[in-house]
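Have a go at each task before you read its solution.

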Amino acid sequence: MNLFIDNADISAIRHIYEYYPVDGVSTNPTLLSRTGRAPFAVLREIRDFIGADELFVQAVSPDAAGMVREARRIVRELGEETLIKIPAVPEGYKAMKELEREGIRFIGTAVYTVMQGFIAAKCGAEYVAPYVNRIDSMGFDGVQVALDLQDAIDNNGLDSGLIAASFRNTQQVMELIRCGVKSVTVSPEVFAGLTGGAMIDAAVEKFSADFASLTGKGVTMENCD
Ligand code: G3P
């Protein structure tokens, strides 16, 4: 399972890379807009930092021809490890077919239904991105939609994998990891909650306090008798 950071803030990305086993970065137009900076300046900075890891960048044109032109520029400027996020809508499917012909890597994004994801996979998408929490917010079960999409892909012999996206809590992420999806992309806020919590911190602090009561403060296994 690959773990991506769903963010465009370079300091958040640096921090998470320092502590966690991360495989790449996914961005979207909303995340780029939050930086308030020129999109390619931000993306080049991310690319320089993550090296050859995968970077996901979304096309914003309303029509297929525009999306294809954007895709060509994105790959030219940011390298072949950059995958183009194409919305899974009719103009997007048309763009995907052309990108497939040109050998440009892409993912089907903004996936709310199994059929959207299935069609994107059939167009040749390397990943498809079900928006788990947004599906939940519509009154459906986002995790279940993601798993049904995984089944639809597998049962039809397609090569796509999931990059499950749009999470609000650890439980949603954990359920998909447990089922072995190809990848998940997680915001820094949700990242912080994945492996932490007050009880865990308290347990680790208690070990340190007990050791200090034996050896004195600041003494560790490196310098104790
Ligand atoms: O990257 C796209 C996806 O993760 C959207 O997430 O948090 O805006 O629902 P969110």
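Predicted model: local features only at pLDDT ≥ 70, side-chain atom pairs only at ≥ 80, totals over all residues.

**Exercise 1: around the ligand**

Work out which residues surround the ligand, and what kind of space the ligand takes.

Solution. Start with the space: the ligand takes up the largest pocket. Next, list what surrounds the ligand: Asp6, Asn28, Lys85, Tyr131, Arg134, Ala165, Ser166 and Arg168. Now check some distances from polar side-chain atoms to an oxygen atom of the ligand. For asparagine 28 you get 3.1 Å, for lysine 85 it's 3.2 Å, and for serine 166 it's 2.7 Å. Last, the area: taken alone, the ligand exposes 310 Å², and the protein buries 86% of that.

**Exercise 2: salt bridges**

How many salt bridges are there, and why does the pair of arginine 44 and glutamate 77 tie parts together?

Solution. First, the idea: side chains of opposite charge can pair when their charged atoms come close. With a cut-off of 4 Å from nitrogen to carboxyl oxygen, the count comes to nine salt bridges. In one of these, the side chains of arginine 44 and glutamate 77 meet at 2.5 Å, N to O. Arginine 44 sits in helix α3 (residues 39-50) and glutamate 77 in helix α4 (residues 64-78), so the pair ties together parts that are 33 residues apart in sequence.

Note on methods
Residues numbered from 1 in each chain as written. Heavy atoms only, no water. Near = heavy atom within 4 Å. Polar contact = N/O pair within 3.5 Å; in protein donor to acceptor, adjacent residues only side chain to side chain. Areas by Shrake-Rupley, 256 points an atom, 1.4 Å probe, with all protein chains shown as cover. 1 Å grid on protein atoms, 1.4 Å probe; cavity = no way out; pocket = protein on both sides within 12 Å on 5 of 7 lines; lining within 4 Å. Sits in = over half its atoms within 2 Å of the grid points. Helix = DSSP H or I, 4+ residues; strand = E, 2+ residues; numbered from the N terminus.
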